[in-house]
Amino acid sequence: KLVKAAELARRSVFCLAPRGDTPTTARIFTAVAAGCIPVIISDGIVLPFEDFINWKLFAVFIPETEFTTDPVRAVSRAITMPPKTLSQMQAALAQVQPHLGWRHPRSRVAHNVLLHLCLRCMPGSAGARDVLPPREQAVVQNATDLVAQGRATKAKA
């Protein structure tokens, strides 16, 4: 069953990630690893590395109350977007995969854990993006720009 679920996620564009019994559900990481845009259904979720990973670039968020009131409408509204925005989110998702996946061949999770701890232990230090290596700053900025362009196009439509 697990293999079939992983294969299904790899073939999907969006993967539902409802709140679990921990602050961050494993469904999010399964979706990211599969290259599937997570549709996060949770209020007040604590996402890893929020200090330097902009989750809004590659994930969709639905408030729990909206989902419980009308799940079909909530999900439909959340995933309806122009093709350009969708491709930008998928590109941002591909760029962030090494930052969230322990098993990714170029995993940056250990680095991110240490960076996160440094940022938490040294309040008032440089902004999170300022402490990333220049190459990673460029990746984060590129993903931010791509999604911002897609949102501007959606707003004009």
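Areas come from Shrake-Rupley with a 1.4 Å probe, and for residues only the protein chains shown count as cover. I looked up Leu114, which sits in helix H6 (residues 109–121) and is exposed at 54% relative accessible area. My cut-offs are buried under 20%, exposed over 50%, and partly exposed in between (1.4 Å probe, protein chains only).

**Ground rules.** I'm working on a predicted model, where local features need pLDDT of at least 70, side-chain atom pairs count only at pLDDT 80 or more, and totals for chains, interfaces and linings use all residues. Numbering starts from 1 along each chain as its sequence is written, and side-chain values use heavy atoms, with hydrogens and water left out.

**Overall layout.** I get eight helices and three strands for the chain, in the order α-β-α-β-β-α-α-α-α-α-α from the N terminus. Helices (H or I, at least four residues) and strands (E, at least two) are DSSP runs, numbered from the N terminus. Of the 157 residues in the chain, 36% are buried. Taking contacts (heavy atoms within 4.5 Å) with a separation of 6 or more, I find that 50% are between residues 24 or more positions apart. The chain has about 9,500 Å² of accessible surface, and carbon and sulfur atoms hold 61% of that.

**Cores.** Which residues touch the most other members of the largest nonpolar core? They are Ile28, Ile40, Ile53, Trp55, Phe58 and Leu100, out of 30 residues. At least two core residues come from each of helix H2 (26–34), strand E2 (37–41), strand E3 (60–62), helix H4 (71–79), helix H5 (83–100) and H6. H5 gives the most, namely five residues. A core is a set of buried Ala, Val, Leu, Ile, Met, Phe, Trp, Tyr and Cys residues joined through side-chain atoms within 4.5 Å. I then checked Ile53: leaving aside neighbours within four places in sequence, it contacts Phe58, Val96, His99 and Leu100. There is also a second, separate core of five residues, among them Ala9, Cys15, Ala34 and Cys36.

In H2 the buried residues are Ile28, Ala31, Val32 and Ala34. They fall within an arc of 165 degrees seen down the axis, so they line one face of the helix; the arc is that of the directions from the helix axis to the C-beta atoms. Ala26 and Ala33 are exposed on the other side of H2. Just after H2, I noted Gly35 with a positive phi of about 75 degrees.

H4 buries Ala74, Val75 and Ala78. Its arc is 90 degrees, so these residues also line one face. Strand E1 (14–18), E3 and helix H3 (64–69) are among what covers them. Val72 and Arg73 are exposed on the face turned away.

**E2–E3 loop.** Ser42 is in this loop and is buried at 11%. Not counting residues up to four places away in sequence, Ser42 touches Arg19, Ile62 and Glu64. Phe49 is in the loop too, buried at 9%, and its phi is positive, near 60 degrees, in a residue other than glycine.
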